[in-house]
Amino acid sequence: MNKRILIILMTLAVVAGGIYGYREWNRGLEQANEVKAEVTLTAEELFKAYTSDEAGANQKFTDKVVQVSGTVREVNGGNGSPVNVLLETGDPLGAVVCEFAADMTIELKSGAKTTVKGFCTGYNLDVLLQRCAIVE
Amino acid sequence: MTMNTTIKSLALVCLLIPTLSNAQERFASRTGHVAFRSETTVETIEANNHKATSVYDPNTGALEFAVLIKAFEFEKALMQEHFNENYMESNTYPKAVFKGKVVGVTAADLKKPGKHDVTVEGELTMHGVSNKVTNKATISVEPTGTLKAESNFVIKAEDYKIDIPSVVRKQIAEEIQVKVRIDYQKM
C-alpha cells in the first residue's frame, strides 16, 4: 500500500516538474502592464540620474520596472517598428524614450502630460524604457 | 569684453554657424534596427533591438554605432535572461560599440538618390573584447535626402570570449548572423 502511494506521489512530482519546466521554457517576455512599478520619478530626474552617474543609475534603475511622468516631446515609429514616446528631460540632446509594441495606438500629442511605466534597459544617448504601458 | 564686441562676436558666430554645419553635414539615427539569429538543427533563436544609435559623417567616412545589450528582445524570457546573464554579462558590459569608417562612397555620391555598395571597417567592442572587423554594406540615398543603410554579417561568439557550454552547443550556433538596418536623418 505504502509503495503504491509513493509511486503515485513520485509520478505526480515528475509530471508537475515537467509542466513547470515546459511553462518556464516557453515563458514570454513580461509586459509592463502586467507588473507593478518598482520606482516612480519624473522623466527629468531619471535622465539626470543617468547623465550624471551612469554606473550608479544602472544599479538603481536598469532591469527595474520604472514609472516616469513627464511632457511628451514627440511620438514616432510604428509601421512595423515599435512606437516610441519621447519624454522631455530638460536637455534637448536626450529624452526618456518609452518603447511600445508596433501595433499600439498611442493618442498622445507633443506637449501632453503623461505617466508611463516600462522596463528600464539603460542609457544610450537616451534613457530607454521597453515594453511600456501608459498609466495615465 | 565690452557690450559692443560681445554683440559683434555673437553676430560673427551666427554668420559662421550655417557655413560650418553645411561643410560638416552629418547623419544620425537613434532607432536603428539590429537583429541577430542563431540557427541550429535543434533551435532557431532570434532577438531584436530597435534602438541602435549611430552617427555617420560622409565627409570623413567616420561611422559610430552603439547598442544596449539589455535592449535586445527575445521571444522567450528565459532566452533573454540567459543571453544577458550567462553569455553577454550585460551588467558588466552594457553596450556593444562600433567605431570605424565607411569606404567606397563619397560625400558627393550621397547628395543624389541611388544605391551604393560600400565596405565598413573598424573595431567592434562587446563583452569587453575588441576586434577589427570588415563587412559589406549598402547605403541608399532616398529622394528625400535621408539615407538607408543595410548590412548583414556574421559574428563568432568565440572571438568575443563568449563561452557557450557544451550542454547547449546543439541549441546555440557558434556563428551568429547579424542584420543591421538604419534610417539616417540629417543632423
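Mentor: Start with burial: a residue is buried if 20 or more other C-beta atoms lie within 10 Å of its own, exposed if 12 or fewer, and partly exposed in between, with C-beta atoms placed from the backbone. Helices (H or I, at least four residues) and strands (E, at least two) are DSSP runs, numbered from the N terminus. This is a predicted model, in which local features need pLDDT of at least 70 and side-chain atom pairs count only at pLDDT 80 or more, while totals for chains, interfaces and linings use all residues. Residues are numbered from 1 along each chain as its sequence is written, and chains are lettered from A and ligands numbered from 1 in the order in which they are written.

Trainee: Which residues of helix H3 of chain A are buried?

Mentor: An α-helix has 3.6 residues a turn, so residues three or four places apart point the same way. In helix H3 (residues 54-61) of chain A, the buried residues are Ala57(A), Asn58(A) and Phe61(A). They lie on the same side of H3(A) because their arc around the axis, taken from the directions from the helix axis to the C-beta atoms, is only 105°. Ala55(A), Gly56(A) and Gln59(A), on the other side of H3(A), are exposed.

Trainee: What covers the buried residues of H3(A)?

Mentor: The cover includes strand E1 (39-42), helix H2 (43-52), strand E2 (65-78) and strand E5 (113-124) of chain A. Just after H3(A), Asp63(A) has a positive phi of about 80°.

Trainee: Which residues touch the most other members of the largest nonpolar core?

Mentor: In soluble globular proteins, nonpolar side chains tend to be buried together. A nonpolar core is a set of buried Ala, Val, Leu, Ile, Met, Phe, Trp, Tyr and Cys residues joined through C-beta atoms within 7 Å. The largest one here has 61 residues, and Leu46(A), Leu87(A), Val96(A), Cys98(A) and Leu129(A) touch the most other members. Strand E6 (residues 126-134) of chain A gives the largest share of this core, five residues.

Trainee: How many residues of chain B are in contact with chain A?

Mentor: Two residues are in contact if their C-beta atoms, placed from the backbone, lie within 7 Å. By that rule, 16 residues of chain B are in contact with 22 residues of chain A. On chain B, strand E1 (27-39), strand E2 (44-56), strand E3 (62-68) and helix H2 (77-87) each give two or more residues to the side that touches chain A.

Trainee: What does the model score?

Mentor: The scores are ipTM 0.89 and pTM 0.88.
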